Amino acid sequence: MALSAKMLLRQGQSLVMTPQLLQAIKLLQYSSVELAAFVEEELERNPLLERAEEGPDPTPTGIDAAAEAQSGEMATDFSTDPVEADWGASQLAVSSEGLAESLGTEVENAFDADRDLSPAVEQNKLEAMGLSDSAWSGVGGGESTGEASNIEAYVAGQSTLADHLGEQLALATDDPVERMIGLAVIDAIDEAGYLRESAEEIADRLGASLERVEKVIGLVQTFEPTGIGARDLAECLALQLRELDRFDPAMQAMIANLPLVARRDLPALRKLCGVDDEDIKDMLAEIRRLDPKPGRAFGGAPIQPVAPDVIVRAARDGSWVIELNSEALPRVLVNQTYAATVSRNKPGGDEDKTFLSQCLQTANWLTKSLEQRARTILKVSTEIVRRQDAFLAEGVEHLRPLNLKNIADAVGLHESTVSRVTSNKYMATPRGLFELKYFFTASIAAHGGGDAHSAEAVRFKIKQMIDAEAADAILSDDAIVERLKAQDIDIARRTVAKYRESLRIPSSVERRREKQGSASF
């Protein structure tokens, strides 16, 4: 068979993921914090982008103009007030007549009679004393720059756990080697106050002897707060009990058997500790007064507050008003005037024209993508509120089963798009602040064939039953299943156990021991 070259014409379809399309997909799933950071980077990178409030034209346009026209309010000019206008001016009158007129009194009543009010004389006096205007330019309310002083700059910084331990280390030893090892130990302590790196690992990393590392760990464990630097809970409690001089043999036996304490197995604890019931109760009460996480008093990394993307409030007619949170939406504009001016006055070379064209294209794409993102979030949130209106009105028990396909079919979007929209987005409702993913729950069939129940609502019912149980009538998982079937909820025992464990609720045996032990105190 002879080989030959041929030209064939074929028609086909393929999806091309352009960089802008990839970025639009990422933009849709960004949280409000990530979106603000991304827009800030684009503002620094693109000279044709600017914040909406920083535009040179003070005339409101678009949404701002519509809002102002709808409000019907008119600005009032207070510039005719002589006192406010004069004292608010950038320069005050310094002549005797001007001051007398503005103050409403004679100059002698407000200033020394022999004082020269000439600005030149006053400036010469200040310079002679080394107190010129330049020396005071950074003091006061920032009149020289037109900006108010930053009060946050004078707020004392919060001391961290590492700083607190480092200060004690500097006072505890003057040996540079021990200080180096001590800083490595402090760096390995987590926010709760526990040492998360073994002595062997620290010794290998620093090239120090294991004995010296153990010695420094023991030194750090003497620091405040008591219990810091422990490797586990038992060592943390032991350090605090030694500080209180209460680590006797009976307490040592109890600390060595903390699983029995967690299960409240009092007969086994009495046997191991060799004490009676009264002593066991006192020992347990003493352990409760200890701090299992001594480092939490210093806090951890700063918590980023969650800003809702959507706000839902009740209307007077009983419906729900859904609106986007304007504070969480970055507002950017494309400076078309600047782009036209640069293009007209500075044509430059091909590279400059290409750069300007790319900046204009990117700016237009970003503004359209932000608008499309806002519309999509509002559309999905509106449908969620429509389907979960019973939850907003009545509470968690009335949460309905919902999945991504239900919302996607209703709003005409793909399930993956709905998933991106609901990721890291929050809705402020009269019931509290919830992530949009919270409203999507699995379905549990009804026992009598009626409407299905939401898994979150069933989990809430289980918690209510366990919270209301008495010490002498602890509900087993089988008993909870029977009660749920009486409420027309068809659920298996293993599902109840799974939901109970997800709520961090112990088993019926452990709950019985705990409640009976608490009742005996």
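A: A patch, as the word is used here, is made of residues with over 30% relative accessible area and no salt bridge, with like charges joined within 9 Å. In this predicted model, a negative surface patch of that kind is formed by Asp276, Glu278, Asp279 and Asp282. Asp276 is found in the loop between α15 (266-273) and α16 (277-288), and with a relative accessible area of 43% Asp276 is partly exposed, which is above the 30% that membership of a patch requires.

The paired charges come next. Side chains of opposite charge can pair when their charged atoms come close. For a salt bridge, a side-chain nitrogen of Lys or Arg has to be within 4 Å of a carboxyl oxygen of Asp or Glu, and by this rule the count comes to 24 salt bridges.

One of them joins the side chains of Lys215 and Glu178, at 3.2 Å from N to O. This pair links distant parts of the chain, since Lys215 belongs to helix α11 (residues 210-220) and Glu178 to helix α9 (residues 176-187), 37 residues apart.

Another salt bridge is made by the side chains of Lys461 and Glu397, at 4.0 Å from N to O. Lys461 lies in helix α22 (residues 455-468) and Glu397 in the loop between α19 (389-394) and α20 (404-411), so the pair ties together parts that are 64 residues apart in sequence. Here Lys461 counts as buried, at 16% relative accessibility, while Glu397 is partly exposed, with a relative accessible area of 33%.

A further salt bridge brings together the side chains of Arg511 and Glu469, at 2.6 Å from N to O. This pair, too, links distant parts of the chain, with Arg511 in helix α25 (residues 508-520) and Glu469 in the loop between α22 and α23 (477-486), 42 residues apart. Both Arg511 and Glu469 are buried.

Salt bridges can also be connected to one another, as with Glu214, Arg231 and Glu235, which are linked in a network.

Notes:
Residues are numbered from 1 along each chain as its sequence is written. This is a predicted model: local features need pLDDT of at least 70, side-chain atom pairs count only at pLDDT 80 or more; totals for chains, interfaces and linings use all residues. Side-chain values use heavy atoms; hydrogens and water are left out. Patches are made of residues with over 30% relative accessible area and no salt bridge: like charges are joined within 9 Å, nonpolar side chains (Val, Leu, Ile, Met, Phe, Trp, Tyr) within 5 Å. Accessible areas come from the Shrake-Rupley method with a 1.4 Å probe; for residues, only the protein chains shown count as cover. Lys and Arg count as positive and Asp and Glu as negative; His and the chain ends are not counted. The place of a charge is taken as NZ of Lys, CZ of Arg, CG of Asp or CD of Glu. Helices (H or I, at least four residues) and strands (E, at least two) are DSSP runs, numbered from the N terminus. Buried means under 20% relative accessible area, exposed over 50%, partly exposed in between (1.4 Å probe, protein chains only).
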